[in-house]
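Visitor: I am new to this structure. Please take a close look at one part of it for me, and then show how that part sits in the whole.

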Amino acid sequence: MNAQRATMSIAGLFVLISLGLAHANGQIDITSVSWLWFTAFVGLNLFQAGLTGFCPLTKILVKLGLRPAT
């Protein structure tokens, strides 16, 4: 794992931890349908992309013509 992938994993984990802590404190209700599910999806995707190296958005952007990272 390189530094970029470790950063992605840690950032995704922090997003998920912050959602969990806010829910535990009663500040947000993640059980109801809301935009917080989008935040959770982004955090999970960022975390798994850091661990596996596979990011669906990167694949889409490359197909749209952007250059892949080297």
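**A close look at one helix**

Guide: Leucine 13 lies in helix H1, which covers residues 3-24. Helices here are DSSP runs of H or I with at least four residues, strands are runs of E with at least two, and both are numbered from the N terminus. This is a predicted model, where local features need pLDDT of at least 70, side-chain atom pairs count only at pLDDT 80 or more, and totals for chains, interfaces and linings use all residues. Residues are numbered from 1 along each chain as its sequence is written, and side-chain values use heavy atoms, with hydrogens and water left out.

Back to leucine 13. Its relative accessibility is 36%, so leucine 13 counts as partly exposed. Buried means under 20% relative accessible area, exposed means over 50%, and partly exposed is in between (1.4 Å probe, protein chains only).

Isoleucine 10 is also placed in helix H1. Isoleucine 10 counts as partly exposed because its relative accessibility is 46%.

Areas come from the Shrake-Rupley method with a 1.4 Å probe, and for residues only the protein chains shown count as cover.

Now look beyond helix H1. Isoleucine 10 and glycine 43 are 33 residues apart in sequence. In space, their C-alpha atoms are 9.7 Å apart. Asparagine 45 lies in helix H2, residues 36-52. Asparagine 45 is buried, because its relative accessible area is 18%. Its side chain makes a polar contact of 2.9 Å with the side chain of glutamine 48. Such a contact pairs N or O atoms within 3.5 Å; within protein, one must be able to donate a hydrogen and the other to accept it, and residues adjacent in sequence count only if both atoms are side-chain atoms.

Finally, the whole chain. The protein chain has three helices and zero strands, in the order α-α-α. Of its 70 residues, 14% count as buried. The chain exposes about 5500 Å², and carbon and sulfur atoms supply 70% of that. Its C-alpha atoms fill a box of roughly 45 × 25 × 15 Å along the principal axes.
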